[in-house]
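Good morning, and thank you for coming. Please look at the structure on the screen while I go through its strands and its aromatic rings.

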Amino acid sequence: MASGDTLAVFTAESSVPMITGTQMVFNLRNGHLVLEATNAVADGTTFTSVIPRNYTAAVGITAQVTWTSKTVTSGTIGWDVTFERDSGASGDDIVADHWQTAQTIIAVTVPASAGLVAISSIAIAAGTNGTASVVAGDCYRVRLRRLSSDTATGVAQFLSLELKET
């Protein structure tokens, strides 16, 4: 793989409910399935996949979130993302959550018209506090949550999460 190559793409259809925390909820927007997150609490969801065999673990992963607002046209919307490695080779278990440190995707200004698409991203360092030290072939989960500290007072609508080699 090379810098910028896609490792995984997750859409609302790929969402797996969380056991703890407040869930994003499904909705339709003009035929687009979206996940909605309020700003009152850190609404979230998870996704599960396998790291491609040609991933270079030392380079890290960039998480890119594509989203819009339901009705809000001012303020900021931010996200956080975290990884959990579920690899038998490293002795991980799925009995309990093993989320690493949440990486904050800086809140960005909401588009001037509700429904316009925005993209937010963060480069996450390889290692235990960032990518949970995932390596090629590992099963993993990634959790995405809306920041409860952003300033847009309405609903954010999640469209997709792309993970790219940094």
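Are Phe10 and Phe47 buried or exposed? Both Phe10 and Phe47 are buried. Please keep in mind that this is a predicted model.

Let me begin with the aromatic rings. There are 3 aromatic pairs here. In one of them, the ring centres of Phe10 and Phe47 lie 4.9 Å apart and the planes meet at 20 degrees; planes under 30 degrees apart count as stacked, so this pair is stacked. Phe10 belongs to strand E1, residues 6–11, and Phe47 to strand E4, residues 44–50. The two are 37 residues apart, and thus the pair links distant parts of the chain. Ring pairs also bring in Phe158, giving a cluster of Phe10, Phe47 and Phe158.

Now consider Phe83 and Tyr140. Their ring centres are 6.0 Å apart with planes at 35 degrees, so this pair is tilted. Here too distant parts of the chain are linked: Phe83 is in strand E6, residues 76–86, while Tyr140 is in strand E9, residues 139–146, 57 residues away. Phe83 and Tyr140 are both buried.

One further ring deserves a mention. Arg143 lies over the face of Trp99, at 5.1 Å from the ring centre.

I turn next to the strands. As a reminder, strands of a sheet pair through backbone hydrogen bonds, either parallel or antiparallel. What is the order of the strands in the open sheet? The order is E4-E9-E6-E7, a sheet of 4 strands with antiparallel pairing. At its edges are E4 and strand E7, residues 103–109, each of which pairs on one side only. On average, neighbouring strands of this sheet are turned by 20 degrees against each other, direction ignored. Within the sheet, E6 and E7 are joined by 5 bridges in the antiparallel sense, and Val81 has Gln103 in E7 as its bridge partner.

Finally, let us look at a hairpin. Val25 stands opposite Glu36 in E3. How many residues lie between E2 and E3? There are 2 residues between these strands, and Asn30 in the turn has a positive phi of about 50 degrees. E3 also pairs with strand E10, residues 156–165, in the antiparallel sense over 3 bridges. In that pairing, Ala37 has Ala156 in E10 as its bridge partner.

Thank you for your attention.

Terms used:
Residues numbered from 1 in each chain as written. Predicted model: local features only at pLDDT ≥ 70, side-chain atom pairs only at ≥ 80, totals over all residues. Heavy atoms only, no water. Pairing = 2+ DSSP bridges. Phe/Tyr/Trp six-rings, centres within 6.5 Å; stacked < 30°, edge-to-face > 60°. Buried < 20%, exposed > 50% of the residue type's maximum accessible area, 1.4 Å probe, protein only. Lys NZ or Arg CZ within 6 Å of the ring centre and 35° of its normal. Axes fitted to C-alpha atoms, helices over the stretch in contact; angles between N-to-C directions.
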